[in-house]
Amino acid sequence: MIDLRSDTVTRPSTAMLAAMTRAQTGDDVWGDDPTVVLLQERVAEETGKKAGLFFPSGTQSNLAALMAHCGRGDEYLVGQAAHTYKFEGGGAAVLGSIQPQPLDNAADGTIPLERIAAAIKPVDDHFARTRLLALENTIGGTVLPQDYVAEATAFAHGRGLATHLDGARLFNAAVASGHPPAALAQGFDSVSICFSKGLGAPVGSVLVGSEALIGEARRWRKTLGGGMRQAGVLAAACLYALDHHVARLADDHAHAARLAAGLAQIDGVTVVSQATNMVFARFAPEDRAPLAAWLTDRGILTGAGEQTRLVTHLDVDADDIDTVVAAVRAYFAR
C-alpha cells in the first residue's frame, strides 16, 4: 500500500531493526539503560538544552511538560490548531487540571502577539493563573518564522510565562529552513521531539529542557505510566533515525511538492496548501468517500474529510507519487 494518511505509518527498516537487536539495555526507571541515556544526551546537545527524557509517545511527552510547567488551576496559552490542544485527548485538562486558553492561529501558524497579550489573565482570584505559552513547529507542515519565534518567546518570558514547543516535526523544520535544531529550540524552556513520524522510528519522543524541568517531568512520566524498563531497544531505533533519516527529510518535502503540483493540474481537485511533507487538498463532498474508496482499491490509503491531508514519508518515493496522481486523475476522468 501507498499510505499517505500520516508519517506515523512508517515501518522500521531492516537496518533499524538490526540496530534495535544490538542495543545495550538496562532499566530506564532506574536511569541505567545506556542506550536511553545516550539518546537523551544526544538530543539535549543537538537542541542546546541541558537534559533530555525519553517517552513512549509525543502525547505523553507534551503532557508531562505541561504538568511540569503548570499546577492545578493554572492555564496555558495555545493555538486552536495546535496538537496539544486539539488532538491529544484533552489530557492537560483531564489529567493535569490545567486550563487551556486556545487562541486563533494566523494563516502561517503563528499566534499574533496581540492575541497572546490580551489572553494573559490579571493576578486575581477570579482567574486561572496564566503560566505557559505553547507553540508548535512545524504546524500543519508549516515552519514557524524564526523571527516570530524569537519575538514570541521573549514576549512570553517578559510577561513571566514559561515557553514550550511541540517540536514533533522539529527536524522537518530544520531541514526546510536550514536552521539547526538548537536555533529552532532557542527561547523555549522545553521542547518535545517525536521520532515515530518523519524520522521513521516505531515509537518514542524525547523532551528536553533544564535539569530542573526534566527532573519534574520524570516524576510526571512515572505518574502517567511512561516509566519503561529495557527501553534501549526503542532508543536504538531513535538513534538510528538521527544518524540516517534526518537529511533525507528533504526527499519527503520534494515528494510533497511533486504531489501538490500534480494534483493541482486535475479538474476536481483544489490544492489548499503544501509545506514540508504535507499537502492539503479539497474535493467536492460527493467525491470524498468515492475517491477514497477508488484509491484504496488501487493500493493507496488517504483520508476522506472536508480537507484531506496527504503526508509523504520515507516509505513513499517519487514513483509512488506519480502513481497517486495518475489514480486521482483516472477517477475524475472516468
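**Chatting through cavities, pockets and helix contacts**

Biologist: What volume does the second largest cavity have?

Modeller: The second largest cavity has a volume of about 40 Å³. Keep in mind that this is a predicted model.

Biologist: Okay, and which residues line the second largest cavity?

Modeller: Its lining is made by G79, A82, N105, G109, I111, A134, L135, E136, I139 and L144.

Biologist: Which strand gives the most to that lining of the second largest cavity?

Modeller: That's β5, the strand at residues 129-136, with three residues in the lining of the second largest cavity.

Biologist: And how do the residues of that lining divide between nonpolar, polar and charged?

Modeller: Six are nonpolar, three are polar and one is charged.

Biologist: How many cavities of 30 Å³ or more does the structure hold?

Modeller: Two of them. The largest cavity comes in at about 80 Å³.

Biologist: Which residues lie nearest the centre of the largest cavity?

Modeller: Look for F283, L291, L295, T302 and T308, which are nearest the centre out of 13 lining residues. The elements giving two or more residues to this lining are α13 (285-297), β12 (308-311) and α14.

Biologist: Where does the largest share of the lining of the largest cavity come from?

Modeller: From α13, which supplies four residues. By class, the lining of the largest cavity has nine nonpolar residues, three polar and one charged.

Biologist: Which elements each supply at least two residues of the lining of the largest pocket?

Modeller: Those are α4 (83-86), β9 (270-275) and β10 (278-282). The largest share is from β9, with four residues.

Biologist: How many nonpolar, polar and charged residues does the lining of the largest pocket have?

Modeller: Here you get nine nonpolar, 13 polar and seven charged residues.

Biologist: And the second largest pocket, how much space lies there?

Modeller: About 160 Å³. Its lining consists of I120, K121, P122, V123, D124, A128, R129, T130, R131, R159, G160 and L161. By class, that lining has five nonpolar, two polar and five charged residues.

Biologist: New topic, helices. At what angle do helix α12 and helix α14 pack?

Modeller: The angle between α12 (residues 249-264) and α14 (residues 318-333) is about 20°, and their axes are 10 Å apart. The two helices are therefore roughly parallel to each other. Their crossing is right-handed.

Biologist: Which residues of α12 and α14 make the contact?

Modeller: On the α12 side, they are H255, R258, L259, G262 and L263, and on the α14 side A318, I321, D322, V324, V325, V328 and R329. By class, this contact has seven nonpolar, two polar and three charged residues.

Biologist: What about α2 and α11, is their crossing left-handed or right-handed?

Modeller: Left-handed. The axes of α2 (residues 34-47) and α11 (residues 232-244) cross at roughly 35° and come within 8 Å.

Biologist: Which residues in α2 and α11 meet?

Modeller: T35, V36, L38, L39, R42, V43 and E46 are the α2 residues, and they meet G232, A235, A236, C238, L239, L242 and D243 in α11. The contact of α2 with α11 divides into nine nonpolar residues, two polar and three charged.

Biologist: One last pair. At roughly what angle do the axes of helix α3 and helix α10 cross?

Modeller: Roughly 120°, and the axes of α3 (residues 58-69) and α10 (residues 211-223) come within 8 Å. That angle makes α3 oblique to α10. The crossing of α3 and α10 is right-handed.

Biologist: Which residues in α3 and α10 meet?

Modeller: From α3 there are Q60, A64, M67, A68 and H69, meeting L213, E216, A217, W220 and R221 in α10. Six residues of the contact of α3 with α10 are nonpolar, two are polar and two are charged.

Methods
Residues numbered from 1 in each chain as written. Predicted model: local features only at pLDDT ≥ 70, side-chain atom pairs only at ≥ 80, totals over all residues. Heavy atoms only, no water. Axes fitted to C-alpha atoms, helices over the stretch in contact; angles between N-to-C directions. Parallel < 35°, antiparallel > 145°, perpendicular 65-115°, else oblique. Left-handed = near helix turned anticlockwise from the far one by under 90°. Contact = heavy atoms within 4.5 Å. Nonpolar A, V, L, I, M, F, W, Y, C, P; charged D, E, K, R; others polar. 1 Å grid on protein atoms, 1.4 Å probe; cavity = no way out; pocket = protein on both sides within 12 Å on 5 of 7 lines; lining within 4 Å. Points joined across faces, edges and corners; volume = space filled by probe spheres on them.
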